[in-house]
Amino acid sequence: MTVTNSLPDGPRIPYWLRIIKFIFRPIEYVEDFAKVYGDNFTVWRSRGSHLVYFSHPQALEQIFTADASHFATGGGGGVLKYLLGDNSLILLDGDRHQRQRQLLTPPFHGERMRAYGQAIQEITQQVSNEWVIGKPFNIRASMQEITLRVILRVVFGVDEGSKFQQLRQLLSSVLDLISSSRMSAALFFQVMQRDWGKWSPWGKFLSQLQQIDQLIDSLIQERRAESGQNRQDILSLLISARYDDGKPMSDAELRDELMTMLVAGHETTASALTWALYWIDRLPEVREKLLQELHSLGVNPEPSIVAKLPYLTAVCQETLRIYPIVINGFFRIVKSPIEIMGYKLPKGTAVVPSIYLAHHREAVYPQPNLFKPERFLERQFSPYEYLPFGGGNRRCIGLAFAQYEMKIALATILSQFQVSSVNKRPVHPVRRGLTLATPAGMQMVATPQVKQVYSPVEV
């Protein structure tokens, strides 16, 4: 391609019209632009840096493998700073980001992660046993209950007591608050981030955050006092971890990273589980293949064996492909000029890796709007074609744990229940804060899973 000094072509529409569509119709926002301008397009802004969206695998590879010095890759500020804190891995950049990432990665991998499988099974069983057979219930709320209990047990090592209940209630309230339509708008309009007291949405948000901070701080102090007890929860592991210079994490760093794990590890997986159950119910042939595979393991299989099932894995992968929970990867702000797909991007340009558009390229995923787990059995996709957890040095450190939890929870539910949508009309994603999710009020019904005799599984 001929090298040019100009940015890709793109829409020049008034800010207010663009941002309203971005907030309330996020999928159409990128799809409509891509239909007109293709894989690469610039969203021109009258002031500030222009946004350049890329979704071609070659462009994503160039972005994710570029020298880090070309970009400022922090996750931005705004409401995330209020929610997660200045020390959150998501908001760090440069050497600080790399240093923190090295310290936080080990608890989410290897034997430590697999040790959480039993907890995931137990909690999923407890929550699903509370369903009343044949009575509609809010599926998203139920999945949130599972993922919140899992993350609280895994991160803090607690699943009972007054502090657990307080933290559980406050976190649920805060996440529901920021996902409301008014607060979703506040994420993007600073004028709405005003504290008018506890009666106002922003004032309520700040008040509840302060209460969460106090609870997390008291848990940190309790755990520091219990040093030497060989606990395996992530909080204990992080308290004992040391940077290269031998220094431990400060209380402020611990608080911000714990809050990041609670928010990112709870909300996103709940959305993914809800979508998976929606698709499994909507496509009987997918459900039958999945049940056949699960049946082949017998009764009470080990979580580590469940996690290796190929069709279950493919169902989870396709769920995260068709409606990725986070529609875009982290913005990269160009610090020194860089060439991407033949375009020379000047300093200050905001580079946006579009996860949704990458996952819907017809050349990579034929019939991209169809839910077809078989795609992932027929071929492997590169990290520049399939990237539900982002890419490069900003890829989510909890991706292995999220996929593991998703598979164990789904297998536990489906081994006992058939979960069916009350309303059989197609469901479309809506914005939930910074993520894509099913509509908040989606109702499903659980009935006992009918035991069948299956022939040997073929996937």
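Mentor: Gladly, and let us begin with a definition: contact means heavy atoms within 4.5 Å. This is a predicted model, in which local features need pLDDT of at least 70 and side-chain atom pairs pLDDT 80 or more, while totals for chains, interfaces and linings use all residues. Residues are numbered from 1 along each chain as its sequence is written, and side-chain values use heavy atoms, with hydrogens and water left out. Helices (H or I, at least four residues) and strands (E, at least two) are DSSP runs, numbered from the N terminus.

Trainee: Which residues in α19 does α13 meet?

Mentor: On the α13 side, the residues are Gly265, Thr269, Ala272, Leu273, Ala276, Leu277 and Ile280. By class, the contact of α13 with α19 has 11 nonpolar, two polar and one charged residues; Ala, Val, Leu, Ile, Met, Phe, Trp, Tyr, Cys and Pro count as nonpolar, Asp, Glu, Lys and Arg as charged, and the others, Gly among them, as polar. The α19 residues are Ala402, Glu405, Met406, Ala409, Leu410, Ile413 and Leu414.

Trainee: How are α13 and α19 oriented: oblique, parallel or perpendicular?

Mentor: Axes are lines fitted to C-alpha atoms, for helices over the stretch in contact, and angles run from 0 to 180 degrees between N-to-C directions. The axes of α13 (residues 251-282) and α19 (residues 399-414) come within 10 Å and cross at roughly 45 degrees. Angles under 35 degrees count as roughly parallel, over 145 as roughly antiparallel, 65 to 115 as roughly perpendicular and the rest as oblique. So α13 is, relative to α19, oblique.

Trainee: Which strands stand at the edges of the open sheet of three strands?

Mentor: Two strands pair if DSSP finds at least two bridges between them. Here the order is β4-β12-β9, with antiparallel pairing. Each edge strand has a single partner, so one side of each is left without a neighbour in the sheet. The edge strands are β4 (137-138) and β9 (417-421).

Trainee: In β12, which residue stands opposite Phe137?

Mentor: β4 pairs with β12 (residues 443-448) in the antiparallel sense, over two bridges. Opposite Phe137 stands Met444.

Trainee: And which residue in β8 is the bridge partner of Ile333?

Mentor: β8 (residues 350-353) is joined by four bridges to β2 (residues 51-54), running parallel. Two bridges join β8 to β5 (residues 332-334), and these strands run antiparallel. The bridge partner of Ile333 is Ala350.
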